[in-house]
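Please have a look at it before I go on.

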Amino acid sequence: MGSLFSKSIFKLFTVVCVLFLSNSVFARTVDAENVINVDSNILFLIWVAICICLVLIMQCGFLLLEGGMVRSKNAINVILKNFTDIGLGTIGFWAVGFGLMFGANSSGWIGASDFIPSGLNAGDSLDLVYQIMFAATAATIVSGAVAERFSFLPYIFAAFIITTIIYPIFGSWAWNDAGWLNELGFHDAAGSTVVHSIGAWCALGALLLLGPRSGRFSRKGDVHEISGHSLPYVALGGFMLWFGWFGFNGGAVADDFSNLGTIFLNTHFGAVGGIAGAIALLAITRKGFYMTAIVNGALGGLVSVTAGCDVLTAPYALLVGVIGGFVVVASTNLLNNFKIDDVVGAVPVHGFCGAWGTLAAGLFYSGDMFNVERIIAQLVGIVACMVWGLGTSYALFWLVNKVSPIRVSTRIEQRGLDISEHKEIGYSDFMTTHVKADS
Amino acid sequence: MSIEQKIVYAGLSRMTDDRTVVKNAFEYWQNNLSGAPFDVVTVTGKLVKFLGLNGGEKKVLMIALHAASNKAEIELDEVPGFILGGDVSDVSDDVPETTNPMINYTPHYQITHGFVKGLVDSIRRKGAAAFAEVDEILRDEGLPDVDVEVSKLISQNGFSDQIVPGTISEAECRDLAHSIYLLIIDVIGPVDADTMVTDVISMLMKSEMAGRFDPSSLL
């Protein structure tokens, strides 16, 4: 009897509480004068600011990925190249590159205004910083590919030219409203070709001139693996890049944010598809489930989905990512067959996957799939990027090499670039090589 | 003199001070076992039977042979002449059983000689195929950026510690060390080569000559 009474009181108490709370807390009287209207423009600005931070985190990702993939005696060198890519690249892109890319473009080939921009409003300032991040991303792709034998000073000069001239000029073709590729119907939402492929073809231009690391390919044709000093760094770097990529692609969102969900979903599916594709091809070829190959597979999937992140449906985003994973593994072997030593797999991930992703954006364009005209526009853009990026970068590195050799001596390569070029050792407590800073 | 001879001598001389026993056992090994690939367990077993060793002596011999086989050749004493062919009684107690044949050479020569010897031993331990490949490339192509004297010795001796001329200068030592390094990385890859070079330099840092010529300056 007592227990039944307690239960009844408890039930009554609960009902009273719910009624009271629902009237006093959850059911507000709407006072029209006090409703806060959030300006959608402000929301967009805040979102761009967040994207800028996320893309900057991608620089951390590149630093860890590239740093982990090189030997410990070269870790500082590749890290510093990442720092200078954004440090000096910012200055060049702000002063000249932004104008070349987004300035008044009457010819359709090159912008010719808005140099050294200043006094910009909030939106334009944020847009400038966002574009700077993209430019730095393109340059930093080169640093990983050419690691362990590219001399520091010639590198930072070349990277400056890439961010200031090479990248923006192609960008003006594709992303300037009056650009000739843009007018052709070329679609690259967030830069599979404009950012990633340009960076990769510039890297390839350097690799062709630089040659492989000493001992990488024997005279008999053997491929000697040179494993990185910290594969956990590589994995962490891969995850940071994945994280940042939501900002990289997220900036392609429509003004009303209507496609933000699509972009996020496609970005994520690109990465997971890339992992699945890489694992599948490694299993088929029985090469072993290399961690670096699978991480690169994820990145290749992300690059692949970037061009069409706003126009793909989820199943096709996944498919594009899977094929991106295949492309990474297959093209890595291709480079080895041609004795091209790409330390981090930049050309497979950013070049070949960038091309594939751009083509895929045309093939699987939602609501307009397999449109031949669109596909042709994509192909023209892919080829134009390769010709421009590879041609100009090869010429640039060739010229730089005439003034200051881009390749360090074999003695410096053996000692390590950290101690030779920076007089510092990254892991002084753990180094086993015996090298003097002044030798 | 091969490294196996030095290992056997080191093991036997650790086990006993009796020169006659050492000489007899060494001769037994030389005549019956030196043609086969060196294996500590097999050699120990045969010597135990030959000498009639007890369990404790067997253990000492096996441990000593193991320890010696894990050392680089430069760390092992030369086998004395009386073991190889002389009479036990020929050796005076006042004369050291081993003499350093390089005592009159410059410090940088000795360190470079030790460096080359260390790499030769390391490549040999890596496998016959790797050693043969290095030797073949060296004989066919020589080494770039080295002295004419060195080139002559290379064509005569192939990949061995005999390619370091006694008159080599310090700068030539560095050139030779670097050229050999480049050759080795082509055959075994840069990661293994770096490890090998680091181990050899670390070993040389413990030698007496390290105080007079820094082995790391070869790199």
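Predicted model: local features only at pLDDT ≥ 70, side-chain atom pairs only at ≥ 80, totals over all residues.

The largest nonpolar core here has 88 residues, and those with the most contacts inside it are A:Val146, A:Tyr167 and A:Phe170. By a nonpolar core I mean a set of buried Ala, Val, Leu, Ile, Met, Phe, Trp, Tyr and Cys residues joined through side-chain atoms within 4.5 Å, where buried means under 20% relative accessible area, exposed over 50%, and partly exposed in between, with a 1.4 Å probe and protein chains only. Helix H5 (residues 152–175) of chain A gives the most to this core, namely 14 residues; helices are DSSP runs of H or I with at least four residues, and strands are runs of E with at least two, numbered from the N terminus.

Residues are numbered from 1 along each chain as its sequence is written, chains are lettered from A and ligands numbered from 1 in the order in which they are written, and side-chain values use heavy atoms, with hydrogens and water left out.

If we leave aside neighbours within four places in sequence, A:Tyr167 is in contact (heavy atoms within 4.5 Å) with residues including A:Phe93, A:Met101, A:Phe134, A:Trp175 and A:Ile198.

Now to the charged side chains. A:Arg71 lies in the loop between helix H2 (40–69) and helix H3 (75–102) of chain A, and B:Asp194 in helix H10 (residues 190–205) of chain B, so the pair joins two chains. A:Arg71 is buried, with a relative accessible area of 10%, and B:Asp194 is buried as well, at 14%.

Within chain B, the side chain of B:Lys6 meets that of B:Glu73 in a salt bridge of 3.4 Å, N to O, and this pair links distant parts of the chain, 67 residues apart. B:Glu78 also forms a salt bridge with B:Lys6, their closest N and O atoms being 3.2 Å apart.

Notes: Salt bridge = Lys/Arg side-chain N within 4 Å of Asp/Glu carboxyl O.
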